[in-house]
Structure formats: C-alpha cells, structure tokens
There are 2 protein chains.
Amino acid sequence: MDTRRLVSLFLLITTLALCACQAQTSRSGSEALPSWTDGPTRDAIIDFVEAVTNTSSPDYVPAADRIAVFDNDGNLWSEQPLYFQLIFAIDRIKEIAPEHPEWRSTEPFASILRDDLPTALAGGEEAILQIVAASHGNLTTDEFRDAVEAWLETARHPTTGAPYTRMVYQPQLELLDYLRAHGFSTWIVSGGGVDFMRPWTEAVYGIPPQQVIGSRMKITFEVKDGKPTLFRHLEIDFIDDKAGKPVGIHQQIGKRPILASGNSDGDLQMLQYTHAGPTRTLCLYLHHTDGEREWVYDRDSHIGRLDQGLDEARINGWTVINMKEDWLTVFPSDE
Amino acid sequence: MDTRRLVSLFLLITTLALCACQAQTSRSGSEALPSWTDGPTRDAIIDFVEAVTNTSSPDYVPAADRIAVFDNDGNLWSEQPLYFQLIFAIDRIKEIAPEHPEWRSTEPFASILRDDLPTALAGGEEAILQIVAASHGNLTTDEFRDAVEAWLETARHPTTGAPYTRMVYQPQLELLDYLRAHGFSTWIVSGGGVDFMRPWTEAVYGIPPQQVIGSRMKITFEVKDGKPTLFRHLEIDFIDDKAGKPVGIHQQIGKRPILASGNSDGDLQMLQYTHAGPTRTLCLYLHHTDGEREWVYDRDSHIGRLDQGLDEARINGWTVINMKEDWLTVFPSDE
C-alpha cells in the first residue's frame, strides 16, 4: 500500500467515525425513549435534558448537580392491588407465625393467619404499622436481606402472575437510562423500606444501594457471640413519605434535585422542594389512566392517591404523564 | 513521506505510548503515596489495594464494593486543641448573641460571652450539646450552609494561624486519591455534623456531599411564605459516633466497607464492623505521635481518645499509622 492509499484509508475511517458520531447525536433526539409516544410529554423531557446539559444554554447545570429523584411504588413499578412490600409483609407474617403462637389470638395477625385481609387491614394505619414492624424487625440486616431475596424468587403478583420485578414500567426504565446517559445521577426516594428495595434496585433499575432513600427501621450495632452485626428492632425510625421525602433527600444527598418524578400526593413535597430550586427543574406526575394495561386510579384511591398533586401540577405547570396516551408499552416484553 | 517511514513512525509512537503506560504502572507501586515513609505501613496499604483490585487474586473485590470510609476529626484534619466544629459553634454563639439577650445570664452561654471557655465547657457533654444545638439550629439548611462558608473564609486556627481547611493531612489526601484511582468510592463517616462538612469536603478532599455521613440535627420540611424550605430545629436527631457509625454507614450506603480509617475509640465500632466483613479488609488507626509537627495524644486525651482501639488493633492485626514515623510530611505545603 502506498502513502496516498494509506492516507485515503485514514481519511475514510475518520469520516466514518465522525458520521457514526453524528448519527448517535441525532438518534438521541429522535430515537430516545422509544416506549414514549412522540408528543408533548416526551418533548418536555427531552427539551429539559437538552437545556440543562447544553453548556451554551442559560439553563446549563453541571453534571454533579444533575440529581434526579424517583418515587418507586406506582412510579417505577405497580402498586395495585396492594403495595408489594405489604404483600411481602403478609407473606412473612404467615411464614414466621409458628415462632409466634400469641398471634393466633392477636389482631391484626389472627386475621392474616385466617387469610381474612380486609379484617386485618380494617385497623388502618395502626394495623399496617404493626404488620410492618413484626415482619421487618427482630432480625439482623443480613437476615432481612436474605428474606427479601428469597421472597422475590418465588412470589408472584396476585392478578398478573408475574414476578414483582417484572411489574416495572418500561418507559421509566428508558427514562432512567436516558438521564444517566446525560450525566444525571438517578435516585429512588420512596415511602417503602430502604432495605426492602436495596437487594434488587441495581439489577432492575440500575440504581445502586447508596442511591436508594426510603423508610427505615430502628437499627443498632451489636456484637453478638463476638460477631458484629446490625440488628433491626420492632420500631420504625423514619418514614420517607410526604414531608419526610425532602428530609430524606437532604439527609442522604445533601443537594436539591433538579428532576423529581412521582405519582401520588405522597410525592407532593418532594416535587415542591425540587420545583423551588434555583435552576431550571422538571417535575413529573404519573397519572394512572390505563385500566386495560395497568390500573386506573387517582383522587379517591386508597393506595397512591393523587388529588392535591393533580391540582398543584396544573397551577405550577408540572408535566403530567398520561399513562394511556403517553406510553406505547407499559411493562417490559418477556423475551 | 513514504509508506515505510509512515509505518516506522506509527510503530515508534505505539512503542512510546506502551512505555509511558508501563512507566505509569510501575510508578503506582514505587511512587504512590509520596508523603508516606517507605516501610511496613505504606506496604500494608499498597498490598491490600493491589490484592483487592487484581482480578486474578483470591482477594479480588469488584469496584462497586470497594467502599472506603474515613473518620474526619483527627483523621483527615486536626482536632486540637478543640474540635474545629466546636470552635465554629462558639464563634457563632458570640455572633448571634445580640438576638439572645437571655444568654447573658444562662450557662453555658454566659461564660462563652465572657470568653471563659473552661467554665463554659465544665458542664461536660450536656453543655456541649446545648452549644451545638443553639449554634446549629433554628435556621434553614441554606442559611446554615452560608454560615459555615462565611466562617471558613475568615476563621484561623488558634495556634497555627492557618485556615482550618489547610489543617488537613497531606498523606491522607494522597491515600484518598490513590484509592479512587483504584476504583474505590471514598466516604466520610464522622461524629461531626454532616451539614458542617458538606460545604467544603468536595473541594478539600474530593468527597461530594452525598458521600458524607455525619451527625444530624432534626430537620423538617416547611412551606414559609409560599417558599418550600428545610428548617433545622434545636434538637439533635442522630449522633454518628461509636456504635452510631455502622448504623450511619448502613443508612446511607447500605453496604459494608472493606477499608476503614479512624483515629479514636469513637471509630472502634466502624472498624469492627468493617473487619467482620466477608472479604479481605483493611482497618487503619492513626496514632497521634508527632508533638513537633502536630500533637501527641492517645489513651488519656479529652479529645480523640485512642485507648481501647489501640488494644483491639493489636489483637486484630489492624494497621496502626505512627504519624511521626510513617508520614514524611503532615500538612500540605503552602505553594
């Protein structure tokens, strides 16, 4: 090969590489978020991300400050007919009941053991807190992690029959990836238990344990038989819901997010806190409008109620995701 | 230029690049940690890092699990003659005293305002907690951050006259860099206040806010005059010291560290927790032995006492850093 051929080859390769690069760039505009309908909701997300990542934009935000927070229940995975973590709690109560003969005559445990869930939950929040404490406490953090992992292996959703970790929203998985590809760090901020989520969020959402914020049981450090362990007590230490969400964000991140994504009034304060930040922000409310592919609920739901949030979204110009219209697919395909 | 010349040039450049690469590699062995004496302490650190990062080593640990935790006071920066945060608290009490006429006749405030520190601190832990609460609470998180930043600008150490952020240990800065260059994530786990550290740890240590774990005031989310804010109360929510350290680590990281670095009995449980992990671990205790360049103190010190820790280090084979022998320099040079 002579010099000119070598130089031509070099130029050809360089040109091809540049073309590939440009294709990549235009792709991020037209082919990003493939499960999202091409329309104003998807446009709002892409416009925001392009504005805060463009160094010559007045809305530019450095990567270190591109904090995106996501609620989990009803926002990254489904939450009907009951929070999945509550189903775990009920299953675990049944599993460990032989160690607690007193539960046969104590509510709400007695009703759970008779499979009478309506009576068990009739005690409202107080009953739920008792179920959570009894099923999530009185063991080490390692034992609890093992219990969550074992449950996820075999548990199936009562109406779809799917493993719970398949009941996640494909468009949100794409949004998480898209944000990370644009320098965002992605965080979960959930009313659910932090130690219930951490065993699986990295595999399912690409979110590592240290980026999961949630409710916490009281935990103490103890040396038992010479072995240092962390022990979970029968007491709830912190509830990461409503006004607790901005507090949890501050405790764990120490920075104000620029993007917040939620689906219920429990996320309202997280969105208010984000919206009040000094840079351009994006607040997303997922509206459950799809009774065929998922569930329909909002202002009157016993779970994931979205009432005041819908009103504030209108007032503040937040982006409401209409699940039925804005999502081409809801759950990941099975292949 | 003919083909052979071009090919020769290409080969030459490739060879040079490879040589540069190899130089880089051997440098990491012989020239890493330049402020550390070439001896067993430095060797222990390098041996550990090489073992856990070598994919063909039985001690290999994936990067995601290479969590390194560092105490701050007396471990990354000095802590004599008083914790620097306590000096901040005292300065702030004096600054806001005009808003609190009642302090002129209430201890420990009255003694602080008379510059009689021994009397102010004679009340022991109770007095210190009162000083911390009054100086760290009753304002928003943004206002507190501004107060810390303003103080750091002008405050100077009482005996060295240096800005506090220059009283950091050069060998530890090198260790942090060395660990990060080997895929570790570096975290602060301090008894100090998390919001006192976060404004400056990234610039000084390369540790971002979300990787700082510390003691916390009670914080609530409030909408004041239509503005969402986080308000710091006059109440301590969590003390990240002693048995609190493994709890703080679990709350914020959700993973057990493989390297822990501390200097006092307040770090003992953090080292025990790390040492008990399933992989190879490295536990470091910094022993303050250098009265000329820094301070000498251990078993009887009122601040940063290292007593039980020294005994446990011997029993468990932890690495004790002898400041006088192991560090060629203590503080960064001024250029």
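Student: Which ring does the charged end of A:Arg232 sit over?
Tutor: In this predicted model, the charged end of A:Arg232 sits over the ring of A:Phe144, 3.8 Å from its centre.

Student: And where is the charged end of B:Arg232?
Tutor: Over the ring of B:Phe144, 3.9 Å from the ring centre.

Student: Back to A:Phe144. Which aromatic cluster is that residue in?
Tutor: A:Phe144 forms one aromatic cluster with A:Trp77, A:Phe84, A:Phe88, A:Trp151, A:Tyr164, A:Phe196, A:Trp200 and A:Tyr205.

Student: New topic. How many aromatic pairs are there over all chains?
Tutor: The structure holds 32. One of them joins B:Phe88 and B:Trp151, with 5.4 Å centre to centre and 75 degrees between the planes, an edge-to-face arrangement.

Student: Which helices does that pair link?
Tutor: B:Phe88 is in helix H3 of chain B, residues 84-96, and B:Trp151 is in helix H7 of chain B, residues 141-154. The two residues are 63 apart, and the pair links distant parts of the chain.

Student: Are B:Phe88 and B:Trp151 buried or exposed?
Tutor: Both B:Phe88 and B:Trp151 are buried. B:Phe88 has 2% relative accessibility, and the cut-off for buried is under 20%.

Student: Why is the pair of B:Phe88 and B:Phe196 called tilted?
Tutor: Because the planes of B:Phe88 and B:Phe196 are at 45 degrees, with ring centres 5.2 Å apart. Stacked needs planes under 30 degrees apart and edge-to-face needs over 60.

Student: Which parts does that one tie together?
Tutor: B:Phe88 lies in helix H3 of chain B and B:Phe196 in helix H9, residues 194-205, so the pair ties together parts that are 108 residues apart in sequence.

Student: Is B:Phe196 buried or exposed?
Tutor: B:Phe196 counts as buried, at 2% relative accessibility.

Methods: Residues are numbered from 1 along each chain as its sequence is written. Chains are lettered from A and ligands numbered from 1 in the order in which they are written. This is a predicted model: local features need pLDDT of at least 70, side-chain atom pairs count only at pLDDT 80 or more; totals for chains, interfaces and linings use all residues. Side-chain values use heavy atoms; hydrogens and water are left out. Rings of Phe, Tyr and Trp (its six-membered ring) pair if their centres lie within 6.5 Å; planes under 30 degrees apart count as stacked, over 60 as edge-to-face and the rest as tilted. Helices (H or I, at least four residues) and strands (E, at least two) are DSSP runs, numbered from the N terminus. Buried means under 20% relative accessible area, exposed over 50%, partly exposed in between (1.4 Å probe, protein chains only). A charge sits over a ring if NZ of Lys or CZ of Arg is within 6 Å of the ring centre and within 35 degrees of the ring normal.
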